[in-house]
Amino acid sequence: MANLDEIYNTRILELAGGISHTDRLTDPDGSATGHSKLCGSTVTVDVKLEDGHVSEFGQSVKACLLGQASASVMGREIVGSTPDELRRIGREMRAMLKEGGPPPAGRWADLAVLEPVRNYKARHASTLLVFDAVEKALEDAEVRASADVQAER
């Protein structure tokens, strides 16, 4: 089993201290909040989509260091990502923590620093909050876009 020093290491602290896109969007296409009942962490996100990619992102992060580190990587990499890519990264993170799968690679490789969290089930929810919120915000954007198309008919 990993020890707590593996989880709360210098890189986690660096990531947690470098969260970007911390202003909420005024006119998002989709918004959602993820909340961990266990630790009380909350992450709220806003997305704007353009041409099948995230064009703008905003987030409010009131989370532990693990949730902050995840949100930091998300904030750095989300703009330009497709909804399918973001859902895939969320699946990879869940598999890494819950099933012992490999960490995400490529531009999302910094998420590997969270791999030792797999040994602390109580920390999974806070680590995954931003992924849950982003996926819900994408769904919200899709529902709104569908409603707009229906209203135009």
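## Close-up views of a predicted model

**View 1. A salt bridge between Arg-24 and Asp-46.** In this predicted model, the side chains of Arg-24 and Asp-46 meet in a salt bridge, with 2.6 Å from N to O; a salt bridge here is a side-chain nitrogen of Lys or Arg within 4 Å of a carboxyl oxygen of Asp or Glu. The two residues belong to distant parts of the chain, 22 residues apart, with Arg-24 in the loop between H2 and E1 and Asp-46 in strand E2; helices (H or I, at least four residues) and strands (E, at least two) are DSSP runs, numbered from the N terminus. Asp-46 is buried at 0% relative accessibility, whereas Arg-24 is partly exposed, with a relative accessible area of 43%; buried means under 20% relative accessible area, exposed means over 50%, and partly exposed lies in between (1.4 Å probe, protein chains only). Side chains of opposite charge can pair when their charged atoms come close.

Two remarks apply to every view. Residues are numbered from 1 along each chain as its sequence is written, and side-chain values use heavy atoms, with hydrogens and water left out. The model is a prediction, in which local features need pLDDT of at least 70 and side-chain atom pairs count only at pLDDT 80 or more, while totals for chains, interfaces and linings use all residues.

View 2. The closest N and O atoms of Glu-77 and Arg-107 are 3.3 Å apart, and the two residues form a salt bridge. Glu-77 lies in helix H3 (residues 65-77) and Arg-107 in the loop between helix H4 (83-99) and helix H5 (124-152), so the pair ties together parts that are 30 residues apart in sequence. Glu-77 is buried, with a relative accessible area of 12%, whereas Arg-107 counts as partly exposed at 37% relative accessibility. Both residues belong to a network of salt bridges that links Arg-11, Glu-14, Arg-76, Glu-77, Glu-85, Arg-107 and Asp-110. The count of salt bridges by this rule comes to 14.

View 3. Glu-142 and Arg-87 form a salt bridge in which the closest N and O atoms are 3.0 Å apart. This pair also links distant parts of the chain, since Glu-142 is in helix H5 and Arg-87 in helix H4, 55 residues apart. Arg-87 is buried, with a relative accessible area of 19%, while Glu-142 is partly exposed, with a relative accessible area of 37%.

**View 4. The sheet of strands E1, E2 and E3.** The sheet is open and has 3 strands in the order E1-E2-E3, with antiparallel pairing; two strands pair if DSSP finds at least two bridges between them. E1 and E3 stand at the edges, each with a single partner strand, so one side of each is left without a neighbour in the sheet. From one strand to the next the twist averages 15 degrees, where axes are lines fitted to C-alpha atoms (for helices over the stretch in contact) and angles run from 0 to 180 degrees between N-to-C directions. E1 and E2 run antiparallel and are joined by 6 bridges, while E2 and E3 pair in the antiparallel sense over 9 bridges. Within E3, Glu-56 is the bridge partner of Lys-48, and within E2, Thr-42 is the bridge partner of His-35.

View 5. E2 and E3 form a hairpin with 2 residues between them. Asp-51 is placed in the loop between strand E2 (42-50) and strand E3 (53-62), and has a positive phi of about 55 degrees although it is not a glycine. At 71% relative accessibility, Asp-51 counts as exposed. His-21, which is likewise not a glycine, has a positive phi of about 55 degrees, and lies in the loop between helix H2 (10-16) and strand E1 (30-35). His-21 is partly exposed, with a relative accessible area of 33%.

**View 6. Ser-72 and its surroundings.** Ser-72 lies in helix H3 and counts as buried at 5% relative accessibility. The side chain of Ser-72 reaches the backbone oxygen of Leu-15 at 2.8 Å. When its neighbours within four places in sequence are left aside, Ser-72 is in contact with Leu-15, Gly-18 and Ile-19, contact meaning heavy atoms within 4.5 Å.

Definitions and conventions. Polar contact = N/O pair within 3.5 Å; in protein donor to acceptor, adjacent residues only side chain to side chain.
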